[in-house]
Amino acid sequence: MTKPKLVYFDAPVSRGEECRLALHLAGVDFEDVRIKRDAWPALKPTTPFGAVPVLEMPGRAPLAQTNAILVLIGRQHALHPKDDFEAARHEAMMCHVEDLRAAVTPSMRMTDEAAKKAAREQLASAYLPTWADGVERQIGEGPFFGGAALNVVDLKLHLAVRWFASGNVDHIPSTIFAGFPKLTRLHDAVRDDARVKSWYARA
Ligand SMILES: N[C@@H](CCC(=O)N[C@@H](CS)C(=O)NCC(=O)O)C(=O)O
């Protein structure tokens, strides 16, 4: 292996897309390995924890856990704070995004449509606004989480907002985070970043 390899499913979403964007913003030439769903069962036991994304760096053991991958890329390429406390504040927010995924994921596995609708409506009325309020109160002057510079935490928050804004999460309004101006501004600032645009403009 001569260059880093990022392994994830073939979709521009969630944890894998956070890592791809981080590598792209960092200017890292990496192999973007996209697994087909039918290939996953055979691959799963070969990964460190039975999940993706996995980052493989030349001469290193495969690295799993999205936040660890993001912090590594961030530290190596000035996309994560140098100050220890500010870095920990960013990492806490990255954990907050993972908490959001953990709260929503059970409803994605529900096959009973009525139970799924009830779970999603409960998320929309209570958990999600409280989650977003916790983010909103931690963003300062912006537009990004730590101020003027885009860091890996911003990619994570952007992907979280984009997930719901897509309208693809049944029974949760696509406008669920519209009442949170700082979070919305952060989402838009990441979307409008020239490096992010160039990732989506590639052939
Ligand atoms: N805590 C892990 C969770 C990873 C995870 O659950 N990844 C999902 C895709 S977003 C996955 O691999 N799902 C397939 C499976 O668990 O079999 C992380 O943050 O990377």
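Where is the place of Ala 92? Ala 92 sits in helix H4, residues 84-108 (helices are DSSP runs of H or I with at least four residues, numbered from the N terminus). The model shown in these views is predicted: local features need pLDDT of at least 70, side-chain atom pairs count only at pLDDT 80 or more, and totals for chains, interfaces and linings use all residues. Residues are numbered from 1 along each chain as its sequence is written.

View 1. Ala 92 counts as exposed because 11 other C-beta atoms lie within 10 Å (exposed means 12 or fewer other C-beta atoms within 10 Å of the residue's own, with C-beta atoms placed from the backbone). Val 153 is 61 residues away along the chain, and its C-alpha atom is separated from that of Ala 92 by 9.4 Å.

**View 2. The shell around the ligand.** Ser 14, Arg 15, Lys 44, Ala 51, Val 52, Gln 65, Thr 66 and Glu 98 surround the ligand (a residue is near a molecule if its C-beta atom, placed from the backbone, lies within 6 Å of it). By class, the shell has two nonpolar, three polar and three charged residues (Ala, Val, Leu, Ile, Met, Phe, Trp, Tyr, Cys and Pro count as nonpolar, Asp, Glu, Lys and Arg as charged, the others, Gly among them, as polar).

**View 3. Domain 1 against domain 2.** The chain is divided into domain 1 (5-78) and domain 2 (84-193), with bounds from an automatic or database domain assignment. Their C-alpha centres are 21 Å apart. In contact are 11 residues of domain 1 and 10 residues of domain 2 (C-beta atoms, placed from the backbone, within 7 Å). On the side of domain 1 that touches domain 2, helix H1 (14-26) and helix H3 (66-76) each supply at least two residues. That side of domain 1 has six nonpolar, three polar and two charged residues.

Key: A residue is buried if 20 or more other C-beta atoms lie within 10 Å of its own, exposed if 12 or fewer, and partly exposed in between; C-beta atoms are placed from the backbone. Two residues are in contact if their C-beta atoms, placed from the backbone, lie within 7 Å.
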